[in-house]
Amino acid sequence: MKVLVAYASRHGATKGIAERVAATLARQGIEVTLDRADRVRQVDAYDAFVVGGCAYMFHWAKACTAFVRRNERALADRPTWLFSSGPLGTDLVDEQGRDVLATTRPKEFDELAARVHPRDQRIFFGAWDPRAKPVGIAERLMGLMPAARNALPAGDFRDWAAIEAWAREIAAGLAAAGASAEAGAGTGTAARAGASAGAGAGAGAGAGAGAGAGDGDGDGDG
Ligand SMILES: Cc1cc2nc3c(=O)[nH]c(=O)nc-3n(C[C@H](O)[C@H](O)[C@H](O)COP(=O)(O)O)c2cc1C
C-alpha cells in the first residue's frame, strides 16, 4: 500500500501537519511519500492520497486545488482524504455561536469533494507567527495595518493529538479496504485499494522525500 501525502504550505504550519500525518501512517506500516503538491508529477504509483493545504482568505492553497483538479480521475478512483489547516486561536465557536471548524472550511471543498469523493475532509487549527516574512498581497497589506494584524491570534494552535488520531483513522480505513479487496480477490473483484496491499506490507517509511524543501509551496501569490 503506497500512500502519497501531498501538501501546500506558505509558512510551514501545514507542512508540519503533513509530516505528522505521514509519520503516523508510516508507523502503521504504510509506505508513505511526502511531497509538495506542486512538485508531484506522477500519481500512478500510489494506492491512496492525503492532500493538505493551508487556508488563506477563505481559500485553500492553490497548489492543492490545482493538484486535485489535475489528478481528479486518480483521486476519485482511489481512497483520498483532504485536510485544511486554517483557523487560529482556541475558540471552537465564533461570536455568532458558529462552529469555527465549519466556517473555516475552504470555499473550494464543495467543488473538490464533488470531483473526488474523499473519504473524509478535515479542518485542523493552524499556526501563525506575526514575525514571519509576509507572503502575498494580503499579508503585506496586513503588515501595514497593525489593527488587522493584532486581530489575528498569534501562536501554534495545531492539535497534534487530533492530527495523529485522524492519521490512524486513515490507516485503519486503508487496512479495511485492503482486507476487503483481498477477500474480493478470491471472487475476482479485487479493488485497487487492495491490489497492492500485500506488496506494501512491512514496507519502510518513505516519509522523507521532499520534506526538506523549505516552507514555500508556490502559494505565495494569494
Ligand atoms: C493573512 C492571513 C489570512 C488567513 N486567512 C485564513 C482563512 O481565511 N481561513 C482560515 O482558516 N485560516 C486563515 N488564516 C490562518 C492560516 O491558515 C494558518 O495560519 C495556517 O496554519 C497557515 O499555514 P501555513 O503556515 O502552512 O501557511 C490566515 C492567516 C493569515 C496570516
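Author: Let us begin with Arg122, which forms a salt bridge with Asp120; their closest N and O atoms are 3.0 Å apart. A salt bridge here is a side-chain nitrogen of Lys or Arg within 4 Å of a carboxyl oxygen of Asp or Glu. Arg122 is partly exposed, with a relative accessible area of 26%, and Asp120 is partly exposed too, at 22%. On this scale, buried means under 20% relative accessible area, exposed means over 50%, and partly exposed lies in between (1.4 Å probe, protein chains only).

Before we go on, a word on the source: this is a predicted model, in which local features need pLDDT of at least 70 and side-chain atom pairs count only at pLDDT 80 or more, while totals for chains, interfaces and linings use all residues. Residues are numbered from 1 along each chain as its sequence is written, and side-chain values use heavy atoms, leaving out hydrogens and water.

Another joins the side chains of Arg105 and Asp110, at 2.8 Å from N to O. Here Arg105 counts as partly exposed, at 30% relative accessibility, whereas Asp110 is exposed, with a relative accessible area of 53%. Next comes Arg131, whose salt bridge with Asp129 has its closest N and O atoms 3.0 Å apart. Arg131 is exposed at 74% relative accessibility, while Asp129 is partly exposed at 32%. Elsewhere, salt bridges that share partners link Arg69, Glu72, Glu111 and Arg115 into one network.

On the surface, Ile137, Leu141, Leu144 and Met145 form a nonpolar patch, with about 430 Å² of accessible area together. Such a patch is made of residues with over 30% relative accessible area and no salt bridge, with nonpolar side chains (Val, Leu, Ile, Met, Phe, Trp, Tyr) joined within 5 Å and like charges within 9 Å. The areas come from the Shrake-Rupley method with a 1.4 Å probe, and for residues only the protein chains shown count as cover. Leu141 sits in helix α6 (residues 136-144) and is partly exposed, at 47% relative accessibility. Helices (H or I, at least four residues) and strands (E, at least two) are DSSP runs, numbered from the N terminus.

For a contrast, turn to helix α2 (residues 62-70), where Ala63, Cys64, Thr65, Phe67 and Val68 are buried.
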